[in-house]
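Here's a quick tour for anyone meeting this structure for the first time.

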Amino acid sequence: MGIYLNPNNILLQRDLNSPIYIDKSMLIAELNTLINTNGNFLCVSRPRRFGKSMAGNMISAYYSKGCDSRELFKDLKIAQHPSFEKYLNKLNVIKMDLNGRYMTLKDKSRLIDSISESVNEELKEQFPHVKILKRDSLADALLKVFAKTGETFVIIIDEYDVLVREQVPENLFKEYLGFLNGLFKNADLSPAISLAYLTGILPIVRDKIQSKLNLFAEYSMTDAGRLTEFVGFTAEETKGLCEEYGMDYDECRRWYDGYDMGDIKEIFSPRSVVSAMERKRFGSYWTQTGSYEALKLYILMNFDGMKDDVVTMIGGGKVDVNVYKYLNTMTDFHSKDDVFTYLIHLGYLAYDSETKQCYIPNSEIREQWVISVEYEADYKPIIKLINDSKQLLEATINKDAAAVASALTESHMRATNPLTYNNEASFQSAIGLAYFYANLKYTVIKELPTGKGYADLALIPYVPNIPAMIIELKNNKSAESAINQIREKKYDDLLEHYRGRMLFVGINYDEKTKEHECEIEEIEVRS
């Protein structure tokens, strides 16, 4: 048992001892099918807060010869799988946290040498009959062990992309490439590696590292493939936590859901869900592990069409993105596609693989976007949108119907293509964009279903002392008719669990005058 070679299972023990632990052990069943095959090299990229290190701890504890993990796994799903016994603590594991190693090393230029020296020392202790020399690279040492003993290895490298993200000097980066090339492109060494599992935030850098790591299958936020259910928390897992901790699942969805991973449409941000459960409060926990400054730096890049797209996404819309152009570096940003793809990998955007579009996934992340642009001169249109939307919401809450009508007329003109100005869907979209600020205080439901039709917009508050709202839209009729429709269809009955003030907001748009009319009526919903 060593620090790097065949580590113990204490990190998995600590994870299991945590108040909340979601069983993702069936990841091991997937990996077991890849052991000693041509598909045994994986690069798994995820944002921070998405459980990369916990997965690495679990994988290491399962395969490592340096411990007996049977007791730890007995209550996990993998223990019931037919492959459980096959590799349990039967392989040599080399596990490295490259970020931790790099950040704590005083002389960072010696990073690669220090890794080889540390692991080689442990190899010499574990295999005393193998002649490992001080000058041997890690690749050379592993090859010697394999040639002498036939022993194979599982290599786990966490934060493998830290040197990309830290933008280290070119000579250190080239040395790192040589290190990777020796481990994973050495034809003689390949049989000695039963499994390679790399994790990081970014996928493989395409212009520099890809030729070194082209044996790796990539699983990322744009294409998680067979590993989708292990990206974050699924809806079923999150529902279970909400039931256990007495938290509202719909609110949890609004705050932390929104990552569409293809086959699984609802993936939740794990760290944020756990924080909300433990603190018994929904809110933004994203800033605890990453500053909005990281987001602001990239959305202020002046690429054509980018500002308009940011406006659309802050307003709840989706925009087209080509995720295949980005080279996965921290320096080669040539278009808004590069920026948006990078932000997808960071978790600040989600990706819809069917429509090839990106969007802001949830309220927690939307808050970071609003903060990032709120005081930036380059984003004056967005600042105006934010301020106008905020004032519109305040006017509605204060039942100032004239101010609401005036604000909507201006917003509709600004947000709508003149060719589709009178289109009903365009009208609804414009109203939704105008009220986007409500997302920071309300659960916003578009087209709330009823037995007799739909309410165009329903706003359910999740902060105290503000009213719920039902908004009905009409074209070429009257605001009064919109209010009457709300009363007749009894949309408020659908909000049976809500108690307190509620506003009926009727809005009419006149195609001839290009003006809006508004009426607001308040009721009290009692138990």
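## Quick briefing

K265 comes out as partly exposed, at 39% relative accessibility (buried is under 20% relative accessible area, exposed is over 50%, and partly exposed is in between, with a 1.4 Å probe and protein chains only). The model is predicted, so local features need pLDDT of at least 70 and side-chain atom pairs count only at pLDDT 80 or more, while totals for chains, interfaces and linings use all residues. Residues are numbered from 1 along each chain as its sequence is written, and side-chain values use heavy atoms, with hydrogens and water left out.

**Salt bridges**

- Side chains of opposite charge can pair when their charged atoms come close.
- Searching the whole structure turns up 21 salt bridges (a side-chain nitrogen of Lys or Arg within 4 Å of a carboxyl oxygen of Asp or Glu).
- K265 pairs with D260, with 3.6 Å between the closest N and O atoms; D260 is buried, at a relative accessible area of 11%.
- D136 and K144 form another salt bridge, their closest N and O atoms 2.7 Å apart. D136 is buried at 9%, whereas K144 is partly exposed at 28%.
- D257 and R253 also meet, at 3.9 Å from N to O. Here D257 is buried, with 6% relative accessibility, and R253 is partly exposed, with 37%.
- E159, D161 and R165 are tied together in a network of salt bridges.

**Nonpolar cores**

- In soluble globular proteins, nonpolar side chains tend to be buried together.
- The largest nonpolar core has 119 residues (a core is a set of buried Ala, Val, Leu, Ile, Met, Phe, Trp, Tyr and Cys residues joined through side-chain atoms within 4.5 Å). L123, F184, F340, L343 and W369 have the most contacts inside this core.
- Helix 10, residues 170-184, gives the most to this core, with eight residues (helices are DSSP runs of H or I with at least four residues, strands are runs of E with at least two, and both are numbered from the N terminus).
- Which residues does W369 contact, leaving aside neighbours within four places in sequence? The list is L295, I299, V310, M313, I314, L343, Y348, L349 and I360 (contact means heavy atoms within 4.5 Å).

**Pocket and cavity**

- On a 1 Å grid over the protein atoms alone, a cavity is a set of points where a 1.4 Å probe fits but cannot get out; a pocket is an open set with protein on both sides within 12 Å along at least five of seven lines, and lining residues have an atom within 4 Å of a point.
- Grid points are joined across faces, edges and corners, and a volume is the space filled by probe spheres set on the points.
- The second largest pocket holds about 800 Å³ of space. It is lined by 33 residues, and R49, F50, G51, K52 and M54 are the closest to its centre.
- Helix 3 (52-63), strand 4 (193-200) and helix 13 (270-279) each give two or more residues to that lining, with helix 3 giving the most, at five.
- The pocket lining splits into 18 nonpolar, six polar and nine charged residues (Ala, Val, Leu, Ile, Met, Phe, Trp, Tyr, Cys and Pro count as nonpolar, Asp, Glu, Lys and Arg as charged, and the others, Gly among them, as polar).
- There is one cavity of 30 Å³ or more. The largest cavity has about 30 Å³ of space and is lined by K390, L393, E394, I397, Y437 and K441.
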